Amino acid sequence: MVFTLALRELRSLFLSPLAWTILAVTQFILAYLFLTQLNEYILLQPQIKMLANPPGATQLIVSPLYGSAAFIMMMIVPLLTMRLISEERNNKSLSLLLSAPLSMSEIVIGKFLGVTGFLVIMTFLISLMPLSLLLAGPLDLGHFSIMALGLLLLLFSFAAVGLYMSSLTTQPIVAAVSTFGVLLLLWIIDWAGNKAGDENTSAVLSSLSILRHFEAMSRGIFNSSDFIYYLLFITTFIVLSIRRLDSERLAR
Amino acid sequence: MNNSSLISVQHLSRYYGKLAAVTDISFDLSPGEVLGFLGPNGAGKTTTMNMICGNLAPSHGSIHICGIDLMENAKQAKAHIGYLPETPPLYREFSVDEYLTYCAKINRLPREKITSAVDLAKQRCGLEQVGRRLINNLSKGYQQRVGLAQAIIHSPSVIVLDEPTVGLDPIQIREIRQVIKALGKEHGVILSTHILPEVLITCDHVQIIAQGTLVFNDRLENLQQNNPAEATRIQFKRPPDIQTLQNISGVNNVESFDGGRFKLHHNIDTDISDSIISLAIEEDLGLTELTPESKTLEQIFVDITSGDQSSDTENAA
C-alpha cells in the first residue's frame with residue numbers, strides 16, 4: 001500500500017515541471033564542476049605521479065563532486081519536500097487519504113518513499129558522471145559506492161526533515177524556508193564547537209552535525225556510527241510527522 | 001445501538017479549544033436511507049461529517065460504522081465509507097482514469113476488480129466521455145462528479161456527501177440529485193446541505209442541526225402527514241371587515257392582504273373551515289380560496305434555527 005502512495009507522489013512530481021527543472025539544473029551545475037575537476041586532475045597528473053603514494057581519480061575528482069552535490073541538494077531538497085503534506089492540506093485533498101482505509105504511518109511513509117524514489121534517480125544520474133571515467137581508467141569502486149551510499153543517506157535525512165516541516169504548515173513556501181533553515185543549522189552546527197575550543201562541546205556538536213557524518217563516508221570510510229546516525233535521524237523525523245498528523249486529527 | 005444500522009452515532013461532541021462545534025449528537029442511519037443534514041452556516045455539519053469519516057477525532061462519544069468502532073478499528077470501519085468533502089479532494093494533474101484508479105487502490109480494492117470499479121463509477125456519474133482528460137481542465141461540475149465517483153468507487157455501505165451541489169448550474173444540480181437518489185437505493189447516504197428543496201427531493205429522513213446540537217430528527221413523510229394546519233389562507237370577492245373574521249371562534253389572529261386576502265391563525269387542533277364557509281354563505285362574501293396551511297420544512301427550519309438564536313441572545317442579555 002505504501003508503494004501505491006509513493007508511486008503517486010513520484011508521478012505527481014514528474015507531472016509538474018518542477019522535478020524536471022531541478023534535475024536539469026543540478027545536473028548542469030554538477031557537470032560543470034565535474035569537468036573543472038577533471039581538467040585540473042589532468043593538468044596536475046604529472047606532479048601527482050611523482051608522489052610516493054599518489055591519490056587516485058576517485059579521491060581527487062569524485063570526492064569533491066559528491067561534496068558539491070551534497071551542498072547543492074541542501075538547497076534543492078526543501079523544494080522537493082515542501083509540497084508533500086502542506087499542499088495537500090491547502091488543496092483539501094488530504095481528506096482523500098484520511099478517509100481511505102489507511103493508517104497515518106502508511107500515509108507518511110508512502111510520501112517519504114515517494115521523494116526517496118526521486119532522490120535515488122537523482123543520485124543515479126549524478127553517479128553516471130564519475131562512472132563514465134571507467135571508460136578511461138580504473139576507479140576505486142569500494143570508495144565510490146560508500147560515497148554514493150553516504151550521499152543517499154544524507155539526502156534521505158534532508159527529505160525526512162522536509163517532510164516534517166511540510167506537515168507543520170499549510171504553505172509550501174514556509175515549509176521550504178524552514179527546512180532549509182534547519183538543514184543549514186545542522187550543517188554548520190559544529191563551527192561553534194571548533195571556535196569554542198572546548199573539546200567536549202566540540203565533540204557533541206560535531207556528532208550532531210549532519211555534514212560530519214557525511215565527510216567520513218566521502219573519504220571512503222564506513223563507520224557504523226554514521227550509518228546509525230542517519231537511520232535514527234530519518235526515523236525521528238518520520239515519527240514526528242506521523243505524530244503531528246495524528247495530533248491534528250485529535251482535539252486541538 | 002441498533003445492530004442493523006449502517007451508522008450509529010452516540011453522544012458525539014467536538015471542541016475546538018473552548019469552542020464547542022458539536023455537542024451531544026446521536027443518530028442512526030439505516031440501509032437504503034438518504035439522510036438530509038440541514039443547518040445554517042457554521043452549525044457543525046462539516047465537523048460532524050469529518051468525524052464520521054475519521055478525519056477528525058471526536059472529543060466525546062462513539063461512532064460505529066456497520067457495527068465496527070471507528071476509534072478502535074479505524075481501517076476496517078473506513079473501508080465502508082465513501083466521503084465527498086465540501087471541496088472535492090482531487091489531484092488536478094492526473095487524468096480522471098488515473099485518479100479513479102488510484103482511489104480504487106488506496107481503498108484496497110483487489111487488482112482484478114479495479115478496472116470494472118472505475119468503469120462503473122464513471123458510468124454512474126456520467127464521466128464516460130472525459131476519462132482521459134486532466135481533472136484540472138474539467139469544469140467545476142465535472143470536477144464535482146469526479147469527487148462523487150471517488151466516494152463511490154469501492155461501493156461503500158455509507159456515502160457521506162458534504163454540500164455536493166454547491167456551485168453547480170441547475171441542470172448539473174438535477175443530474176447530481178438523481179445520482180444521489182439512485183445511490184440511496186443501495187447504500188446509506190448522508191447528505192449535508194443548506195438548500196431546503198434539495199432535501200425534499202432527495203431525502204427520506206431529515207435532521208436539523210443548529211449551533212452544534214441536533215434540534216430536529218424525523219422522517220420526511222411523517223413531517224408531511226402528521227403536521228396539521230395552524231393557519232388558513234382565504235380570499236373573498238367582497239371582503240368583510242377584519243373584526244368579523246376575528247370573531248370566528250378559534251381564530252387567534254388575522255392578517256389582511258390586498259385583494260381581499262386574509263390569513264387566519266388558529267390553534268393546531270381546531271378546524272375553522274366550516275365556520276368560514278357558513279359565514280361566507282350567510283354574508284354572501286363570495287369565497288374564492290380556502291387553503292389550510294401546514295408547516296413546511298422551511299418554516300420548521302426557520303422556527304428552530306432562529307428560535308435558538310433569539311433564546312441565546314436573551315440568555316446573553
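Mentor: **A close look at one helix**

Pro130(A) is buried, since 22 other C-beta atoms lie within 10 Å; a residue is called buried if 20 or more other C-beta atoms lie within 10 Å of its own, exposed if 12 or fewer, and partly exposed in between, with C-beta atoms placed from the backbone. This is a predicted model, in which local features need pLDDT of at least 70 and side-chain atom pairs count only at pLDDT 80 or more, while totals for chains, interfaces and linings use all residues. Residues are numbered from 1 along each chain as its sequence is written, and chains are lettered from A and ligands numbered from 1 in the order in which they are written.

Pro130(A) belongs to helix H6 of chain A, where a helix is a DSSP run of H or I with at least four residues, numbered from the N terminus. Leaving aside residues up to four places away in sequence, Pro130(A) touches Ile61(A), Val62(A), Leu65(A), Leu139(A) and Phe144(A), contact being counted when C-beta atoms, placed from the backbone, lie within 7 Å.

Helix H6 (residues 104-131) of chain A also packs against helix H2 (residues 17-50) of chain A, at an angle of about 25° and with the axes 10 Å apart; axes are lines fitted to C-alpha atoms over the stretch in contact, and angles run from 0 to 180 degrees between N-to-C directions. H2(A) and H6(A) are therefore roughly parallel to each other, a description used for angles under 35 degrees. Among the residues making this contact are Leu23(A) and Phe34(A) of H2(A) and Phe118(A) and Met129(A) of H6(A).

Conventions:
Helices (H or I, at least four residues) and strands (E, at least two) are DSSP runs, numbered from the N terminus. Angles under 35 degrees count as roughly parallel, over 145 as roughly antiparallel, 65 to 115 as roughly perpendicular and the rest as oblique. Two residues are in contact if their C-beta atoms, placed from the backbone, lie within 7 Å.
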